[in-house]
Amino acid sequence: MTAIQAGRESQQAGQESQTVVARSAGALGRPPFGIVRAGLVGVVASAFGVGLTAASGWLIVAASARPLLSVLMVAIIGVQSFGTFRPVARYLERLLAHDAALAELARRRTAVYRALIPLTPARLGRRGRGRVLGAVVHDLDDVVLAQVRVTVPLLEAGLCAVGAVALTAALFPAAVWALVGYVVVYALVTWRAWRIERSATGAVIAARGAVDRDCELLASNLTALQAIGATATVLARLERAQRDLAVATLRADRGRLLGIGAGPVLNGLATLGMALAMAGPVHAGTLRAPMAGMLVLLPVALGEVLGGLSDATSALARAEAAARRVTRLLDQPPAVAESTGPEPSGSELALTEVSASWDQSAVADHSEPGDRAAGSAAGDRVTGSRAGQRGGGGRHDLAALTATISPGDRVAITGPNGSGKSTLLAVLARQLDPAGGRYAIGGSPVGELGLEEARGAFAVVDDEPHVFAGTLRANLLLARPDAADEDVVAAVDRAGLADWLAELPDGLDTQLGEGGRGVSGGQRARLSVARAQLSERPVLILDEPVAHLDAATADAVLAGLARTAVDQTVLITSHQGRAVDWCDRALSTVTAEPEILA
């Protein structure tokens, strides 16, 4: 792929992401044609249901007079036809609607993932992985599936109501007022229920996010929490979040209860009104009893269709709140400027009087409480002089930095917490743009290089490597999809997992993660290293790779790196001395004075 093609795809991804967040408060936008088509089929199914009820009323009343069978045959055939074709039309509507919705969901998820790439990591603010996954999975589901849950019921209710009113006006205009009043009042109650649920849905989603955050914290850091005695504190916070979620859910359910509870009451009143309107004409003989029996059941039949509006308003309220969260995440300027320039002509990286500026004021406005920023990156041959970083709403400048990192070097980036180690790596890996100075890859300034090509020089391993629910092969092929099985096995061997692979029941086809084989912290770290080495990228960046491992496992992981990463430039940050010992030299983000270690 050329840099120009990458730039065009990035621009297209940005445009697609705008369609994702276009479902802002109060507007779902234009539904896809497939959803509209499904809605029209749903109208036919609902019309069959109304016709079934109305024809049944006519048939029952007419049959009570014991007429000739030939008089009843039309109604009998109508009841049989409506009863037969109604489930067929309903099944077709569900099939068309879900096919269209799932296709739209797949397209938009792809657009969201593409839109997230230029926002990583700076524009994610303090969001944790659980928050980001919640936004791009659960929230996006609510936005897209609302097209089915809202558009289809609205079409059915609107067109069927118009048809029922038109039929009543044609057959007995004096009773139209009862049916029109029923439809209007039902619409007003539905609107009020939506307003109540809408006002509470934001609190529901926020409380659900807090529960997800604390659950993720417990699941990911249970051992560390136990070590510092913080388990009880986090459990108490989780309990409070669950109580908040229950209270917010109860508030939202009040609106839903209004919509559901008002339906039968309004239905009964409308039926009574129709009966009263027709009682006199039937008694006077100006309106035949079978016709009155058919018309009096129209509100009952229409009530089944209008009853779907309660679920529709709930889906709409959830979709609006979810759309606002997705918008806050995606509607941000990228942290790195896109370029459609050439590919790097080499792997040498050079920093000269560079300062990096990360303005987090926008991030603070978009972040959720309790989230945290993450960032990591790397380089192959690096020369640097001064880098600065603005983060956390304030300014934190890196110390003056001048260094050269040549191919094959092993360099430790040292410094206390908050001194900018991860920030420096993020600048080198093109996850942040330098604000000043000169940063070059292969002798070319980074601003003139294609972003995808520049990032393609780096393989990043962070302190919380992720294992996806899938096969071992699929987890590793993320790094290089065209890799052969021999290459995958070799990468696993170089990461020190050959014995573990031999014990797996299905080898590379063994399922890992949820529903599959569990993976320990050490195995997860080594799998991440294997994935990075399989990528065959010239620069390997390790941001606290052994932070959560015991001493023996950390030594084994680092020994495997020292043995296998002989053809890669390695940049590593760590607070553990063992991670620095095997490096050639160290760069301090405080003094930025190179220190020869070997």
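Reader: Does Thr 313 count as buried or exposed, and at what relative accessibility?
Author: This is a predicted model, in which local features need pLDDT of at least 70 and side-chain atom pairs count only at pLDDT 80 or more, while totals for chains, interfaces and linings use all residues. Residues are numbered from 1 along each chain as its sequence is written, and side-chain values use heavy atoms, with hydrogens and water left out. Buried means under 20% relative accessible area, exposed over 50%, and partly exposed in between, with a 1.4 Å probe and protein chains only. Thr 313 therefore counts as buried, at a relative accessibility of 10%.

Reader: Which backbone oxygen lies 2.8 Å from a polar atom of the side chain of Thr 313?
Author: Thr 313 is found in helix α9 (residues 308-330), where helices (H or I, at least four residues) and strands (E, at least two) are DSSP runs numbered from the N terminus. A polar contact is a pair of N or O atoms within 3.5 Å; within protein, one must be able to donate a hydrogen and the other to accept it, and residues adjacent in sequence count only if both atoms are side-chain atoms. The backbone oxygen that lies 2.8 Å from the side chain's polar atom belongs to Ser 310.

Reader: Which residues does Thr 313 touch, not counting residues up to four places away in sequence?
Author: Contact means heavy atoms within 4.5 Å. With residues up to four places away in sequence set aside, Thr 313 touches Thr 190, Trp 194 and Glu 197.

Reader: How many aromatic pairs does the structure hold, and how far apart are the ring centres of Phe 48 and Phe 82?
Author: Rings of Phe, Tyr and Trp (its six-membered ring) pair if their centres lie within 6.5 Å, and planes under 30 degrees apart count as stacked, over 60 as edge-to-face and the rest as tilted. The structure holds three such pairs. Phe 48 and Phe 82 form a tilted one, with 40° between the planes and a centre-to-centre distance of 6.0 Å.

Reader: Why does the pair of Phe 48 and Phe 82 tie together separate parts, and how many residues apart are they?
Author: Phe 48 is partly exposed, with a relative accessible area of 23%, and Phe 82 is partly exposed as well, at 25%. Phe 48 lies in helix α2 (residues 33-63) and Phe 82 in helix α3 (residues 69-116), so the pair ties together parts whose separation in sequence is 34 residues.

Reader: Which residues form one aromatic cluster?
Author: Phe 48 and Phe 85 also form a tilted pair, 6.3 Å centre to centre and with 40° between the planes. Since Phe 85 lies in helix α3 and Phe 48 in helix α2, this pair ties together parts 37 residues apart in sequence. The one cluster is formed by Phe 48, Phe 82 and Phe 85.

Reader: Within what arc do the buried residues of helix α14 fall?
Author: The buried residues of helix α14 (residues 485-494) are Val 488, Ala 491 and Val 492. The arc is that of the directions from the helix axis to the C-beta atoms. Seen down the axis of α14, these residues line one face of the helix, because they fall within an arc of 100°.

Reader: Where is Arg 430 placed, and what is its relative accessible area?
Author: Arg 430 sits in the loop between α11 (421-428) and β5 (434-441), and its phi is near 65°, a positive value in a residue other than glycine. Arg 430 is buried, with a relative accessible area of 1%.
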